[in-house]
Number of protein chains: 2
Amino acid sequence: MGGDLAPHAPIAGALLALRELAPDHSIILVGRTAAIQTELDRLAAQDRMTFDSLATRISIVEAPDVIEMRDRPTAAIRGKPHSSMVVGLKLHASEKADAFVSAGNTGAQMASSVFLLKLHHGLTRPAIAAMIPTLKQPVVLVDAGANVDCSAEELVQFARLGSVYAEDILGRPEPSIGLLSNGEESEKGNAAVKEAHKLLAAAGLNFIGNVEGRDILTAGSTRGSLDVVVCDGFVGNVLLKFYESVPELIFSMLAAGGIKQEVIAQIFRGFDYSDYGGAPLLGVKGVSIISHGSSSPRAVKNAIQVAVRAVESRMNDHIGRRLGHAAVTSA
Amino acid sequence: MGGDLAPHAPIAGALLALRELAPDHSIILVGRTAAIQTELDRLAAQDRMTFDSLATRISIVEAPDVIEMRDRPTAAIRGKPHSSMVVGLKLHASEKADAFVSAGNTGAQMASSVFLLKLHHGLTRPAIAAMIPTLKQPVVLVDAGANVDCSAEELVQFARLGSVYAEDILGRPEPSIGLLSNGEESEKGNAAVKEAHKLLAAAGLNFIGNVEGRDILTAGSTRGSLDVVVCDGFVGNVLLKFYESVPELIFSMLAAGGIKQEVIAQIFRGFDYSDYGGAPLLGVKGVSIISHGSSSPRAVKNAIQVAVRAVESRMNDHIGRRLGHAAVTSA
């Protein structure tokens, strides 16, 4: 029931995902059964044959409450225990589902995920890992909005989480980690960043040092290529939302300049946010994928694909090992 | 002597500016006399008639030291009192010049400006005001990099400074001020931003509330149009440098998509950073314009134009009155 386009987009996205996934994958739709069934019937009527071939892999679990976008996260969890958010995460926590995907209230998803799935040992906060399309390969931005006012230690945690994500989900061996700052020099940064720089230099990661705003889209700095950009969630959120608004600017300017819509669409295909549908909430002992509130069916499908990759690569075991190892080496 | 392209770009930019400015304006070139004279001779040889018509409005003041980009700001001021930076600012402080423009070491320019020009009463820090081209009119980003780790009170100071700048230099009556945050709701933000939100609501400014990263390029939020975006210099620096790297991304993609260079150049003409050549250091009792290290002659020329507008609009008197008034109303 989450997201601006629910229940259509999540359900249509689930059907798209099932068509791509191996036949042993199934999807549980969590929410108001009647609304879900109505949408399923509507979609089935559009393509009966495809729908029938997928129908056995779809089930519905009733969740009468809906957490609205305006609901405060913790109040939502307490006040709406029968929401699709809480019920869905409980299915995952009790191992009736291997992963959870939602386009609903991000704050509520974070709070519920931490509450129900628990954080890995050694972590104080989860972090959102977002994919930033660049001139080269996408870069992982972590934290993209889960935390404001982060400590240096938390920034290091984000680096560890982002590193595993880049390895397991993006297939980058020894991902290079950059610390977002207002200058390349190690003495540049706010207090938390300067301290984090020192800690990261000794963290056993492939830390390339501070990177600047200009190094993100080139996916590299003077110090080498860049896989993971570490920042606090305030900066990450501002940057991500700013970036999301750039295509509108470009399209308007190109359209005003007489470039045809189909040419524009063709050129910027790789920059469609739907391609990167889901941002995992890293740090929880489970797979909780956060999708944009305005996610299209295609974005939901891609979010589900991210969830599958996280499960199949055993990303969480990897995170647990990495954090455990870090705890030992820093002890 | 400041900037990656010195002494050529500052000198060529000064000549461009003199051609546009009224004949009662003159420019003092501060630096190594021999190097400046050589460049002046070179430029004169290219267009003798124009040069001769401007020559009486150019003078040189010797400054043998050069502050390098790597020099630490305060060490540079103390260690290089005969640098073009310090000598030039002293000319301004002693009223032998009405304004100072440099493309040199930004940190050294800030520190020297505060040291030599002094801050307005009631301020704890200066702030850099940068212009962000948007879909509509440019938006002022303040602070664009002078300060990291800002208090709520300092964010309010930036709002006051940015407001006067938007009024005097951009001609926007009652400029609308947005506070950059990770959500529109007043409870969103890091600790300083949340506190600043409360203070700004009672600051007597046209405060429209929190704005998000996505509201900048549209120059407006759901709460109305946007003239000034307030943030700490860490976030501002990251955002500005990120934005500066966007054109490269766009040009590469368009070129790869077969769009001709001249068409691209035509479309994105308004987004050339040279158009906004200079970012004033607001809060000092003087006019100190910071130019990008890679400023072209055209960017330097525009920075000089910004300086002239700041002087002619008596922006500093206005800032003094505004801050004095604020001190009274909050007393």
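In what order do the strands of the open sheet of chain B stand, and what is the sense of the pairing? In this predicted model, local features need pLDDT of at least 70 and side-chain atom pairs count only at pLDDT 80 or more, while totals for chains, interfaces and linings use all residues. Residues are numbered from 1 along each chain as its sequence is written, and chains are lettered from A and ligands numbered from 1 in the order in which they are written.

The open sheet of chain B has 8 strands in the order β3-β12-β11-β4-β5-β10-β6-β7, and the pairing is mixed. Helices (H or I, at least four residues) and strands (E, at least two) are DSSP runs, numbered from the N terminus; two strands pair if DSSP finds at least two bridges between them. Strands of a sheet pair through backbone hydrogen bonds, either parallel or antiparallel. At the edges of the sheet of chain B are β3 (100–102) and β7 (206–211), each pairing on one side only. From one strand to the next, the twist averages 25 degrees. Strands β11 (residues 278–282) and β12 (residues 288–291) of chain B are antiparallel and pair over 3 bridges. One bridge links G278(B) to S291(B), its partner in β12(B). Helix α6 (residues 106–117) of chain B lies across β3, β11 and β12 of chain B and runs at about 175 degrees to β12(B). Axes are lines fitted to C-alpha atoms, for helices over the stretch in contact, and angles run from 0 to 180 degrees between N-to-C directions.

Chain A also has an open sheet of 8 strands, with the order β3-β12-β11-β4-β5-β10-β6-β7 and mixed pairing. Its edges are β3 (100–102) and β7 (206–211) of chain A; each has a single partner strand, so one side of each is left without a neighbour in the sheet. Strand β6 (residues 176–180) of chain A runs parallel to strand β10 (residues 228–230) of chain A, and 3 bridges join the two. In this pair, L179(A) has V230(A) of β10(A) as its bridge partner.

Helices α1 (residues 8–20) and α2 (residues 33–46) of chain B pack with their axes 10 Å apart, at an angle of about 55 degrees. α1(B) and α2(B) are therefore oblique to each other; angles under 35 degrees count as roughly parallel, over 145 as roughly antiparallel, 65 to 115 as roughly perpendicular and the rest as oblique. The crossing of α1(B) with α2(B) is right-handed. A crossing is left-handed if the near helix is turned anticlockwise from the far one by less than a right angle, and right-handed if clockwise. On the α1(B) side, H8(B), I11(B), A12(B) and L15(B) meet I36(B), E39(B), L40(B) and L43(B) of α2(B). Residues are in contact if their C-beta atoms, placed from the backbone, lie within 7 Å. This contact of α1(B) with α2(B) has 6 nonpolar, 1 polar and 1 charged residues. Ala, Val, Leu, Ile, Met, Phe, Trp, Tyr, Cys and Pro count as nonpolar, Asp, Glu, Lys and Arg as charged, and the others, Gly among them, as polar.

The contact between the chains takes 38 residues from chain B and 38 residues from chain A. On the side of chain B that touches chain A, the elements giving two or more residues are α9 (213–216), α10 (233–256) and α11 (261–267). α10(B) gives the most, with 17 residues. By class, this side of chain B has 21 nonpolar, 12 polar and 5 charged residues. 100% of the interface residues of chain B are also interface residues in chain A, so the copies meet through the same surface. Chain B is superposed on chain A by a rotation of 180 degrees with 0.0 Å of shift along its axis (RMSD 0.0 Å). That is the relation of a two-fold axis; the superposition is by least squares on the C-alpha atoms of residues with pLDDT of at least 70 in both copies.

Most residues other than glycine have a negative phi, and most peptide bonds are trans. The peptide bond from V142(A) to D143(A) is cis, with omega near 10 degrees; D143(A) is in the loop between β5 (139–142) and α7 (152–168) of chain A. In chain B, the bond from V142(B) to D143(B) is cis, with omega near 10 degrees. K118(A), a residue other than glycine, has a positive phi near 70 degrees and is found in the loop between α6 (106–117) and β4 (127–132) of chain A.

Conventions. Two residues are in contact if their C-beta atoms, placed from the backbone, lie within 7 Å.
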